[in-house]
Amino acid sequence: MMKICVIALCGFAQLSNCDMSSSLRGTLREDFGDAVLKELEEALGSSEHREQTEQTLHEFEADLRTTFKALPKNRRGAVEGPYARYALHRLFVQRYGWQVKGLEMTSGAWYAGAGVGVMGDRVPPKMRELFEKRLGSHGLLLHELAVLAATLDAMFRNDVYDRLSVVYAALEYNKTDIVKNEAAWRIAHAYIAALILGKPVEELHTSDVILSDNAFMVQERSVQITDLLWSTMPKVAGADPENFDWEFMTSWFVAFGKQLGHVEDKECKFMKFKLLLHEAGVGTGRVRVSDFHSASESFEEGVDDLRSMEALDETDPEDPKVIIPNYLQGATNCISPAGYYSICCFDECEALMDKIEAHFAAPAATPDAIATFISALPSASVLANRSLSPGLLEALNLMADRGMVALHSKHFAEWMHQAYPRECSHPQQSNTDRFNQTLRHFIEEIKAEHAKEIDFVVEPYGAPGSPETREGQTRSVAFEMFVTCVVGGVSMALAKLVLSAIRSSRGKSSKLL
């Protein structure tokens, strides 16, 4: 019996003091106009941190260049809201392991929101409004995107300032104090404890600092994290200092916070190792729920929790499985220092996408070119120079539009999960029940006619109203991705017969769209 898997498509308080160089002002004056320049200068403040801000800006521009080149652009050569959001997400995830609220991927999609809402009330409303207007009317060029990233990054220094203020108050120090080594150690210990175990900085109180400081002493990772803290000191001071003032402490903890993700990721890799020991079928990237709970005492999430994390594969309701990359990217494996971002596991799929974008330097590529490149692209668990399965090859052809596959689409994200199931998350969505119920009913009708020939499995993917299913589109990849999960030899003539039936039904029943 042949088995066909149908993939259904249903659906950044003031900033810290820093300044921009004249070259930056000149560029912004030309591109944004005097009003934007004024708002940015007022928000970013005096020249105290000018050199640091300029350096950060250049680094961000260099880091964003490869992704920017590969993204779809408008006639101005700028990226619009969804893709600006994607590029910023990639930047912070890869540099720091930060998942910034409002930039994170939603079920493999980048279509909702422009990415500026993440600023919230933490920057002047006029500045946020100007960025929103710029995104909405013109999009952002590479340099402008880097400025937006630097503005987000500046928020982090302000969070360090706020958290350290609470720690100083809890330990009865003043910001004007110059402390010695022993006192600095006490402050540092309390700071990292509040960062990791305390509440988000917006809700942090002095009592929370004392409680988290005591609890941190018994944490398994306290030694690793403390070692990281002390290893970052020379990078800030240039040598071991004898006196510690407020400015040094702030810069020290900024440097520490931007490296913390790398320590956390070591724990993530160990969790992955433990889960793979219980993998339900070699290379599936899945673990049965019962095996998940027995793999480690730290794996405590129940079925409802796993489902809300979009880490549960319920293709077979009688045998639900945990999707390993989805679980590792889940909120329960993150630290939340502030309300607008979390420090999470590094996404191994992002590294693969980096190589794909660098190779193609375009938003789309042909199926053959993708297949050739992916065949040679190794991951932590996939060897280079492999042969892709017939199902993966056929799925590439089916998702192509005018012979090209969009590299930043939800469907390609799904395909990447199938190609790298242990590294790339499976794009799911929790609000697709009604759509999938309708589709399941329809598939059952077809199945009844071909019961002896096909065993259909329907998986939810995407959300209604996404660009691929909007009015005016002549193709719906929603129903053309149905061979992505092919598990064996498939009669494509029969598969295309099913596809044809689904297509024709769309004219008869709007429920499917």
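Author: Let us begin with the pairing of the cysteines. With the bonded cysteines numbered in sequence order, the pairing is 1-4, 2-3, 5-6. A disulfide is a covalent bond between the sulfur atoms of two cysteines. The criterion applied here is a pair of cysteine sulfur atoms within 2.5 Å, and the structure holds 3 such disulfides. This is a predicted model, in which local features need pLDDT of at least 70, side-chain atom pairs count only at pLDDT 80 or more, and totals for chains, interfaces and linings use all residues. Residues are numbered from 1 along each chain as its sequence is written, and side-chain values use heavy atoms, with hydrogens and water left out.

Reader: Where do Cys334 and Cys344 lie?

Author: The sulfur atoms of Cys334 and Cys344 are 2.1 Å apart, and a torsion of 115° about the S-S bond makes the link right-handed. Cys334 is found in the loop between α14 (324-328) and β6, and Cys344 in the loop between β7 and α15, so this pair ties together parts that are 10 residues apart in sequence.

Reader: What is the handedness of the disulfide of Cys349 and Cys424?

Author: The torsion about its S-S bond is about 85°, so the disulfide is right-handed. Cys349 lies in helix α15 and Cys424 in the loop between α18 (410-419) and α19 (433-449), so parts that are 75 residues apart in sequence are tied together.

Reader: Are Cys349 and Cys424 buried or exposed?

Author: Buried means under 20% relative accessible area, exposed over 50%, and partly exposed in between (1.4 Å probe, protein chains only). Both Cys349 and Cys424 are buried, as are Cys334 and Cys344 and also Cys268 and Cys345.

Reader: How many residues of helix α7 are buried?

Author: In α7, 12 of the 17 residues are buried, among them His189, Tyr191 and Leu195. Contact means heavy atoms within 4.5 Å; the buried residues of α7 pack against α6 (142-170), α8 (206-216), α9 (222-237), α10 (246-257), α11 (260-276) and β6 (335-338).

Reader: What is the order of the strands in the open sheet?

Author: Two strands pair if DSSP finds at least two bridges between them. The order is β3-β5-β4, with antiparallel pairing. β3 (286-288) and β4 (312-313) each have a single partner strand, so one side of each is left without a neighbour in the sheet. Between β3 and β5 (residues 321-323) there are 3 bridges, and Val287 stands opposite Val322 in β5.

Reader: Which residues touch the most other members of the largest nonpolar core?

Author: A nonpolar core is a set of buried Ala, Val, Leu, Ile, Met, Phe, Trp, Tyr and Cys residues joined through side-chain atoms within 4.5 Å. Among the 97 residues of the largest one, Ile374 and Trp415 touch the most other members. Helix α6 gives the most to this core, with 16 residues. Apart from it lies another core, of 17 residues, including Val287 and Val322.

Note on methods: Helix = DSSP H or I, 4+ residues; strand = E, 2+ residues; numbered from the N terminus.
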